[in-house]
Amino acid sequence: MGKSASLGNPFIDIKARTRRTDPETSRLAGLQATSARTTLRVFLLLWKSGEMTDADLVLRFSQFRWPEAPSSVRRCRKLLVEIGLVESSGERRLTKYRRWSSVWRLSSVGLAFVDRLEVREEDVA
C-alpha cells in the first residue's frame, strides 16, 4: 500500500510514494522526502508564527491536515535545533496536560537563512 502526502503548492509540494514492491533504495528516498518536507514545514511555521512549543507545532500540523505523527514533528524540530536554525527562546509554557514545554523560535542563523529565501506569501499557509 502506498503513502502519499502533498501540500498542494509548488514551493513545498513534495510527494513521497512507496510500494511494498519498490526496492529498498526507493523506500528510503521516500522516507527522506517525507522527513525533508516535515522539516521544511516546521521551519516555515516557526518563521510565520514566531515562537511555538512542540504542542503548538503539532496542533498546526493537524489544522492544516498535514499527516504527521507528533514524534515526527518533534524529531524535525530537534534536527533544526541541531543544525542551528532553531533555538529555545528560554520561555516555557504549560501544555493542556499541565506539563512545562520549551518554546522554540528561529535563531539568528535561521532568520538570516530566511532573508536569503525567495518565499511567496501564498507558499506559506
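Over the ring of which residue does the charged end of R77 sit? In this predicted model, the ring is that of W104, with the charged end of R77 4.0 Å from its centre.

R77 belongs to helix α3, where it is buried along with S72, V73, C76 and L80. These residues lie on the same side of α3, because the arc they cover around the axis is only 135°. The helix runs over residues 70–82, 13 residues in total. From the first C-alpha to the last, α3 reaches 18 Å, close to the 18 Å expected at 1.5 Å a residue. G84 follows α3 and has a positive phi, near 90°.

W104, whose ring lies under the charged end of R77, is also one of the residues touched by T53. T53 is located in the loop between α1 and α2. Its relative accessibility is 4%, below the 20% cut-off, so T53 counts as buried.

Helix α2 comprises residues 54–63. Its buried residues are D54, L57 and F61. They are placed on the same side of α2, because they cover an arc of only 60° around the axis. Just after α2, R65 adopts a positive phi of about 60°.

The structure contains one aromatic pair. It is formed by F43 and F113, with a distance of 5.6 Å centre to centre and an angle of 80° between the planes. The arrangement is edge-to-face, because the angle is over 60 degrees. The pair links distant parts of the chain, with the two residues 70 residues apart. F43 is in helix α1 (residues 24–49), and F113 is in helix α4 (residues 108–116). The two members of the pair were also examined for accessibility. F43 has a relative accessibility of 3% and so counts as buried. F113, by contrast, has a relative accessible area of 40% and is therefore partly exposed, as this value falls between the cut-offs of 20% and 50%.

Terms used
Residues are numbered from 1 along each chain as its sequence is written. This is a predicted model: local features need pLDDT of at least 70, side-chain atom pairs count only at pLDDT 80 or more; totals for chains, interfaces and linings use all residues. Side-chain values use heavy atoms; hydrogens and water are left out. Rings of Phe, Tyr and Trp (its six-membered ring) pair if their centres lie within 6.5 Å; planes under 30 degrees apart count as stacked, over 60 as edge-to-face and the rest as tilted. Helices (H or I, at least four residues) and strands (E, at least two) are DSSP runs, numbered from the N terminus. Buried means under 20% relative accessible area, exposed over 50%, partly exposed in between (1.4 Å probe, protein chains only). A charge sits over a ring if NZ of Lys or CZ of Arg is within 6 Å of the ring centre and within 35 degrees of the ring normal. Contact means heavy atoms within 4.5 Å. The arc is that of the directions from the helix axis to the C-beta atoms. The expected span of a helix is 1.5 Å times one less than its number of residues. Lists of a residue's contacts leave out its neighbours within four places in sequence.
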